[in-house]
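Let's take a walk through this model together, starting with the overall fold and ending at the ligand. Have the viewer ready.

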Amino acid sequence: MSVSPNSEENMAIDSYVENLVKKLTLEEKFLLLANHAEGVYFSSTPIDRLGIPSMEMTDGPLGVAWHSSNRNCTRFPATIGLAATWDRSLSQLMGEALGREVKAAGKHLLLAPGVNIHRTPLNGRTFEYMSEDPYLAKEIAIPYVRGVQNQGVGACLKHFAANNQETNRRTSSSEIDERTLHEIYLRPFKEVVQHANPWSVMGSYNKINGKYVYEDIQLLRRTLMDDWGFKGFVVTDWDATKYMDDAAICINSGLSLEMPRPHCYKLESLRDAIEKQGFTEFRLDDVVRRFLRMFFLTGIMGPNKNSIDVSEDITGNPDLARRIAEEGMVLLKNDRGLLPINLEKIQKLALLGPNLDVKLGRPQYGGSSAVVPPYEITPLEGFTERCQGKVSIVNDPSDAELAIVFAGLNHDKGMDAESKDRESFDLPKDQVELIKRTTKDNPDTIVVLISGSPIGMEQWLGDVPAVLEAWYPGMESGRAIANVIFGNVNPSGKLPITFPRRLVDSPAHSVKGTRTYPGDKHLRVYYNEGLNVGYRFFDTMNIEPQFPFGFGLSYTHFEYENFRVNKTKLMGMKDQLITSVDVSNTGSLIGSEVIQVYSNQKQSLVQRPPRELVGFEKVSLEPGQTVTISAPILGRDLAIYDVKKHRWRAATGEVELFAGNSSRSEFLSETIVCCEN
Ligand code: BGC
């Protein structure tokens, strides 16, 4: 069920909500604003007198979370792997599958997706977010949210906003200038709100410029609600209001639901605040109304009351999980065409490494997004299945034609895990040694990285002919990796994040000291790099990354020509033009390619990064096939945030558009002129 903001259905919902609000006593309204049952973490307070049940919530971005469901559900690939597919329709399919599983688990709201920008490769939650680029993040998040909500389940866009590290996440303040805040950090939220209409938004733990979002009337009430037109409700991150006690400011800012227990919304604080006229009943009704809409949108209440059969069997979505995993894997290096491995041509394959036989779907493992699937195929299991009767799996690299080291990270604290950032940018020492030893014993060694964030490779990359970034591939991990390694699937994933050579090359770490990461002694984190996040920084500073944003190899070859635009003038933010390019598969295997379009506004009155992603399309081509790929470019994606007027305005002047297959590829280009209409 998808309800557009002005539909008749929407008007009917508004009137049901209105009726209910009229019937609620002041005390009942207060009760609705927080969960009051001890030991209950994912349910809202029911109001039995009016037949309002609990709203049931569940994490998280990788599937229905273990800790909020007693079912084993599909463990999907990590969000960064989904984004690496650059495939909007796969994202929608994942959203729909998640929606169905949430419903079958008897829940109403999925606490996902997370669209925080990758600012530092050390962020422990990089795996749960989409990209360093706001355009890619919103293009993947919009269909995800639509997919979830098409199933009558609410999505919760999180964590609003500028929650870009786990170190001191509850107390640090992200110090960001207004333009950067809007153009980089708020932009995916704004776009998803305006184009997918999420039924809820989760605030973040951190402060922004000294204020928690829940007390920031400007950010929540004016920007999110009034300017962007957000109609849903705001929920806190879990215990995010722990250090706050001002009920009035939270009501006035627009916070509807405090979870998992009251801090600001303790009953006595609410009574006291309304008595002292800290907030009006008009304001209170607004936050209550926003929350109650959710009950009708999901069919918890109302004429379309959903009869969820929680005894329904969840068969899960392993095939979809595997497809997303396969499409998101990024082939980073493939010297001598070592991959794919032809099973007919070898007798022995050596498999090694700490991630060879690890199941990652464990209770609480990695934080709130942990999903325990009904089964999980490890790389060893997946490869054993494929090699049976054909190739012997051994563990001595000198005794085999080829060796594969399954290296990377895991969800231990200090690696890819919530509540703590990564302790190191590099692989653990023993893994580096293992890779070096293996390549000495067998120069035909492939490294498969299972990780959710970029890894420093300087120490070993030169020794290794082939590297595949598999991310966290989910419950079908071993089978998905085997399909790519043995060539049943031609890799087509592209990096949604820059892989730096050294940590100091990346924007948050380029300045000595702690000011830009993880924060000074006052816990202020200065986003001094401004707009130059990710590839924008590498391009501006002319730093060669290890692997650039948008990069990924294939087992086939593609050529591009004839980049063109259907018009050369773009009239304002609502206008759009179509770019086209002829792409040919000049290799001998079927494969998919992602055509990326970047913009550069040369003569802008304000600084603009040298290249910014403004469009992309993914296409599958047979060997020898040529197709014309079209990618629309929207005026609003070229726009600038005007700090004098505190609003977005269209780009004006000449803009060069570049088409290529990474942020650093050979580009074809076209110039257009942008005007304010
Ligand atoms: C996380 C959220 C999550 C919530 C509920 C918090 O610790 O930051 O992402 O949705 O817990 O589990």
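Predicted model: local features only at pLDDT ≥ 70, side-chain atom pairs only at ≥ 80, totals over all residues.

Start with the chain as a whole: the protein chain has 16 helices along with 26 strands. Its radius of gyration comes to 25 Å, close to the 26 Å that the globule rule gives for 677 residues, so the protein chain is as compact as a globular protein of that length.

Now for the ligand. Where does the ligand sit? You will find the ligand in the second largest pocket. There, 14 residues surround the ligand, and the closest are D59, R125, H159, D237 and E418. Sorted by class, this shell holds six charged residues, five nonpolar ones and three polar ones.

The side chain of R125 places an N or O atom 2.7 Å from an oxygen atom of the ligand. For E418, a polar side-chain atom lies 2.7 Å from a ligand oxygen atom. Y205 also takes part, with a polar side-chain atom 3.0 Å from an oxygen atom of the ligand. How much of the ligand's surface does the protein bury? Taken alone, the ligand exposes 310 Å², and the protein buries 94% of that.

Definitions and conventions:
Residues numbered from 1 in each chain as written. Heavy atoms only, no water. Near = heavy atom within 4 Å. Polar contact = N/O pair within 3.5 Å; in protein donor to acceptor, adjacent residues only side chain to side chain. Areas by Shrake-Rupley, 256 points an atom, 1.4 Å probe, with all protein chains shown as cover. 1 Å grid on protein atoms, 1.4 Å probe; cavity = no way out; pocket = protein on both sides within 12 Å on 5 of 7 lines; lining within 4 Å. Sits in = over half its atoms within 2 Å of the grid points. Nonpolar A, V, L, I, M, F, W, Y, C, P; charged D, E, K, R; others polar. Helix = DSSP H or I, 4+ residues; strand = E, 2+ residues; numbered from the N terminus. Rg over C-alpha atoms; globule rule 2.2 N^0.38 Å.
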